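Hello,

Here is the structure I promised to pass on to you. Have a look at it first, and then read my notes below.

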Amino acid sequence: MAKLITSLLCLTIIFSLIFLTTSKEAEYHPEKYGPGSLKSYQCGGECTRRCSNTKYHKPCMFFCQKCCAKCLCVPPGTYGNKQVCPCYNNWKTQQGGPKCP
């Protein structure tokens with residue numbers, strides 16, 4: 001009985017590790033989101049995705065497209081993840097706030 005429980009525990013751990021590994025890979029693809037990963041004509045679609053959940057759609061789109069034109073990347077998701085694109089993350093306003101949504 002103890003061997004059965006130990007075996008099940010080991011299998012659970014192995015499947016958990018496999019699941020965590022595959023979910024991290026699905027989340028972040030550096031070649032897809034890194035600096036210079038976009039062409040300028042792709043900015044509109046990526047900014048539409050990035051700004052899809054905000055109630056301030058117009059200003060979000062304006063600044064996202066401005067940032068995308070300069071950095072040629074837009075972070076994954078609708079919020080956060082800016083560490084993927086350093087240029088997008090580090091461009092600040094005169095007051096020191098983030099310029100890119």
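A word on terms before anything else: a residue is called buried when its relative accessible area is under 20%, exposed when it is over 50%, and partly exposed in between (1.4 Å probe, protein chains only). By that rule, 23% of the 101 residues in the protein are buried.

Please keep in mind that this is a predicted model, where local features need pLDDT of at least 70, side-chain atom pairs count only at pLDDT 80 or more, and totals for chains, interfaces and linings use all residues. Residues are numbered from 1 along each chain as its sequence is written, and side-chain values use heavy atoms, with hydrogens and water left out.

Now the overall picture. The protein has 5 helices and 0 strands, giving the pattern α-α-α-α-α along the sequence. Helices (H or I, at least four residues) and strands (E, at least two) are DSSP runs, numbered from the N terminus. Taking a contact as heavy atoms within 4.5 Å, 55% of the contacts between residues at least 6 apart in sequence join residues at least 24 apart. The protein exposes about 7,200 Å², and carbon and sulfur atoms supply 64% of that area; accessible areas come from the Shrake-Rupley method with a 1.4 Å probe, and for residues only the protein chains shown count as cover.

Next, the disulfides. A disulfide is a covalent bond between the sulfur atoms of two cysteines, and here the cut-off is a pair of cysteine sulfur atoms within 2.5 Å. The structure holds 6 disulfides. With the bonded cysteines numbered in sequence order, they pair as 1-7, 2-5, 3-4, 6-12, 8-11, 9-10.

- C51 is joined to C60, S to S 2.0 Å. The torsion about their S-S bond is about -80°, so this disulfide is left-handed. Both C51 and C60 are buried.
- C67 and C100 have their sulfur atoms 2.0 Å apart, and a torsion of about -95° makes their disulfide left-handed. This pair links distant parts of the chain, with C67 in helix α4 and C100 in the segment after α5, 33 residues apart. C67 is buried at a relative accessible area of 0%, and C100 is buried at 2%.
- C73 and C85 have their sulfur atoms 1.7 Å apart. Their torsion is about 55°, so the disulfide is right-handed. C73 and C85 both lie in the loop between α4 and α5, so the pair ties together parts that are 12 residues apart in sequence. C73 and C85 are buried.

Most residues other than glycine have a negative phi. L72, in the loop between α4 (57-71) and α5 (86-90), has a positive phi of about 55° and is partly exposed at 28% relative accessible area. N81 is in the loop between α4 and α5 as well; its phi is positive too, near 60°, and N81 is partly exposed at 33%.

About 160 Å³ of space lies in the largest pocket, the volume being the space filled by probe spheres set on the points, which are joined across faces, edges and corners.

Best wishes

Terms used
On a 1 Å grid over the protein atoms alone, a cavity is a set of points where a 1.4 Å probe fits but cannot get out, and a pocket is an open set with protein on both sides within 12 Å along at least five of seven lines; lining residues have an atom within 4 Å of a point.
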